[in-house]
Amino acid sequence: MAKKNKELKETGGFALGKENYKLMAIGFAVIVLGFILMAGGGSDDPNVFSEDIFSFRRITLAPILLLIGFAFEIYAIMKKPKED
């Protein structure tokens, strides 16, 4: 029993490594970019219909970027940190 206690490493600090946090920051930036691309397209006059809300950028590109960003976040969290 004493040998097992000696073999266990004491780990302290953060749960994730430095690389994980960098990857999470990249994923967060992609998500923010997706929301920025999705914004806008409204009309100043409520009686006038604006076709800008159906643009490729808002309907296709922004949701794809959001999905990529969220998938990248999951990868960044699940990636095993390097042992030093």
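Student: Which helix do the buried residues of α2 pack against?

Tutor: In this predicted model, the buried residues of α2 pack against α3.

Student: Which residues of α2 are buried?

Tutor: Look for Asn 20, Leu 23, Gly 27, Ile 31, Gly 34 and Leu 37 in α2; they are buried.

Student: Why do they line one face of the helix?

Tutor: Start with the general idea. An α-helix has 3.6 residues a turn, so residues three or four places apart point the same way. Now the case here: viewed down the axis of α2, the buried residues fall within an arc of 125°, so they line one face. On the other side of α2 you will find Lys 18, Lys 22, Phe 28 and Ile 36, which are exposed.

Student: What span does α2 reach, and what follows the helix?

Tutor: Helix α2 covers residues 18-38 and reaches 31 Å from its first C-alpha to its last, close to the expected 30 Å. After α2 comes Gly 40, with a positive phi near 90°.

Student: How many aromatic pairs does the structure hold?

Tutor: It holds two. To classify a pair, check the angle between the ring planes: under 30 degrees is stacked, over 60 is edge-to-face, and the rest is tilted. For Phe 49 and Phe 54 the planes are at 40° and the centres 6.0 Å apart, so this pair is tilted. Both residues, Phe 49 and Phe 54, are exposed.

Student: Where do Phe 72 and Tyr 75 lie?

Tutor: Both lie in helix α3, three residues apart, about one turn of the helix. Phe 72 is partly exposed at 27% relative accessible area, and Tyr 75 is partly exposed at 45%.

Key. Residues numbered from 1 in each chain as written. Predicted model: local features only at pLDDT ≥ 70, side-chain atom pairs only at ≥ 80, totals over all residues. Heavy atoms only, no water. Phe/Tyr/Trp six-rings, centres within 6.5 Å; stacked < 30°, edge-to-face > 60°. Buried < 20%, exposed > 50% of the residue type's maximum accessible area, 1.4 Å probe, protein only. Helix = DSSP H or I, 4+ residues; strand = E, 2+ residues; numbered from the N terminus. Expected span 1.5 Å × (residues − 1). Arc of directions from axis to C-beta. Contact = heavy atoms within 4.5 Å.
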